[in-house]
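Please read them with the coordinates open.

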Amino acid sequence: MLTCQAPGIEEYAESKTQSPCALLNELQRETHQKMRVPQMLTGPLEGTFLRLMAASISAKSILEVGMFTGYSALSMAEGLPADGKLVTLEIEPEHIAMAKKYFERSEHGKKIEVIEGPALDSLKKLKGPFDLVFIDADKENYINYYEDILPKVRPGGVILVDNVLWGGKVLDPQSTSDRAVCAFNDHVCKDDRVDRVLLTVRDGVFFLRKK
Ligand SMILES: C[S@@+](CC[C@H](N)C(=O)[O-])C[C@H]1O[C@@H](n2cnc3c(N)ncnc32)[C@H](O)[C@@H]1O
């Protein structure tokens with residue numbers, strides 16, 4: 001979803017960005033054919049950003065909250081070294097089934113562990129330390145995820161939080177999820193444990209670096 005840019009700009013940015021591999025394109029197509037809300041998938045621009053972020057900080061340990069059909073997980077796994085590991089948390093069995101089909105076909109799939117269930121429960125079993133975290137699940141729990149995860153991130157590690165512009169609704173919040181995204185954004189602005197920049201990539205990505 002494009003929040004704050006002129007028509008055509010996202011497509012232009014995508015056209016100037018390195019293309020994803022054929023398998024990610026196929027995953028995107030199947031997600032659009034079979035899933036009820038396919039726009040949840042991050043897509044080529046943000047997926048490539050995530051892959052390059054993982055590689056740029058030499059991440060070896062990644063955590064994802066909210067996998068959907070696996071596009072962002074597979075993108076980040078591509079940026080990991082052969083002995084790197086990505087743990088991803090997802091609640092919907094239907095999403096997990098499609099993702100796993102693609103992980104099995106990818107040389108990077110063996111780096112990925114999927115934990116099924118409510119993410120807040122799964123997080124209790126994880127200790128870290130994580131180099132990179134991508135938070136992209138239910139907005140109402142964004143502050144809970146962040147507070148659980150920050151102590152498990154190594155100093156200098158990065159937390160990326162998706163949809164923080166929420167289709168522009170942060171400017172005039174009406175619903176519970178609108179207010180949850182605003183509350184999260186305000187929460188991190190008061191937190192001096194992290195450096196921060198809100199990027200206008202796609203639907204807004206908060207880039208937080210643990211001090
Ligand atoms: C926006 S989608 C994730 C998109 C994914 N990162 C991608 O790039 O394709 C959000 C996902 O979070 C999952 N989710 C929602 N609430 C959850 C919860 N409490 N625990 C775990 N997963 C949850 C949804 O089932 C959905 O698959």
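1. Lining of the largest cavity. By class, five nonpolar, five polar and one charged residues make up the lining of the largest cavity. The residues concerned are Met40, Leu41, Thr42, Gly66, Met67, Phe68, Thr69, Gly70, Tyr71, Ser72 and Asp136. The volume of this cavity is about 50 Å³. A search of the whole structure turns up one cavity of 30 Å³ or more. Please keep in mind that this is a predicted model.

2. Largest pocket. The space in the largest pocket comes to about 770 Å³. It is lined by 33 residues, and those closest to its centre are Met40, Asp136, Ala137, Asp138 and Lys139. By class, 13 residues of the lining are nonpolar, eight are polar and twelve are charged. Strand β2 (85–90) and the helices α5 (93–105) and α6 (119–124) each contribute at least two residues to the lining of this pocket.

3. Helix α4. How much of helix α4 (residues 71–78) is buried? Seven of its eight residues are, so the helix is largely enclosed by the rest of the structure. The buried residues are Tyr71, Ser72, Ala73, Leu74, Ser75, Met76 and Ala77.

4. Aromatic pairs. There are three aromatic pairs in the structure. One of them joins Tyr146 and Phe184: the ring centres are 5.7 Å apart and the planes stand at 85°, so the arrangement is edge-to-face. Because Tyr146 belongs to helix α7 (residues 142–149) and Phe184 to helix α8 (residues 176–189), this pair ties together parts that are 38 residues apart in sequence. Both Tyr146 and Phe184 are buried.

5. Phe184 has a relative accessible area of 0%, and the value for Phe206 is 3%, so Phe206 counts as buried. Tyr142, Tyr146, Phe184 and Phe206 together form one aromatic cluster.

6. Loop between β5 (153–162) and α8. Asn163 is located in this loop, and its phi is near 65°, a positive value in a residue other than glycine. Asn163 is buried, at 9% relative accessible area. Trp166 lies in the loop between β5 and α8 too; its phi is near 50°, again a positive value in a residue other than glycine. Lys169 sits over the face of Trp166, 5.3 Å from the ring centre.

7. Cis peptide. The peptide bond that joins Gly128 and Pro129 is cis, with omega about -5°. Pro129 is in the loop between α6 and β4 (130–135).

8. Leu150. This residue is placed in the loop between α7 and β5. Is Leu150 buried or exposed? Its relative accessibility is 2%, so Leu150 counts as buried. Leaving aside residues up to four places away in sequence, Leu150 touches Ile159, Asp191, Arg193, Val194 and Lys210. Gly47 is 103 residues from Leu150 along the chain, and their C-alpha atoms are separated by 23 Å.

9. Asp195. This residue belongs to strand β6 (residues 194–199). With a relative accessible area of 39%, Asp195 is partly exposed. Which residues does Asp195 touch, not counting those up to four places away in sequence? They are Phe207, Leu208, Arg209 and Lys211. From Asp195 to Thr48 the C-alpha to C-alpha separation is 23 Å in space, and the two are 147 residues apart in sequence.

Note on methods. Residues are numbered from 1 along each chain as its sequence is written. This is a predicted model: local features need pLDDT of at least 70, side-chain atom pairs count only at pLDDT 80 or more; totals for chains, interfaces and linings use all residues. Side-chain values use heavy atoms; hydrogens and water are left out. On a 1 Å grid over the protein atoms alone, a cavity is a set of points where a 1.4 Å probe fits but cannot get out, and a pocket is an open set with protein on both sides within 12 Å along at least five of seven lines; lining residues have an atom within 4 Å of a point. Grid points are joined across faces, edges and corners, and a volume is the space filled by probe spheres set on the points. Helices (H or I, at least four residues) and strands (E, at least two) are DSSP runs, numbered from the N terminus. Ala, Val, Leu, Ile, Met, Phe, Trp, Tyr, Cys and Pro count as nonpolar, Asp, Glu, Lys and Arg as charged, and the others, Gly among them, as polar. Buried means under 20% relative accessible area, exposed over 50%, partly exposed in between (1.4 Å probe, protein chains only). Rings of Phe, Tyr and Trp (its six-membered ring) pair if their centres lie within 6.5 Å; planes under 30 degrees apart count as stacked, over 60 as edge-to-face and the rest as tilted. A charge sits over a ring if NZ of Lys or CZ of Arg is within 6 Å of the ring centre and within 35 degrees of the ring normal. Contact means heavy atoms within 4.5 Å.
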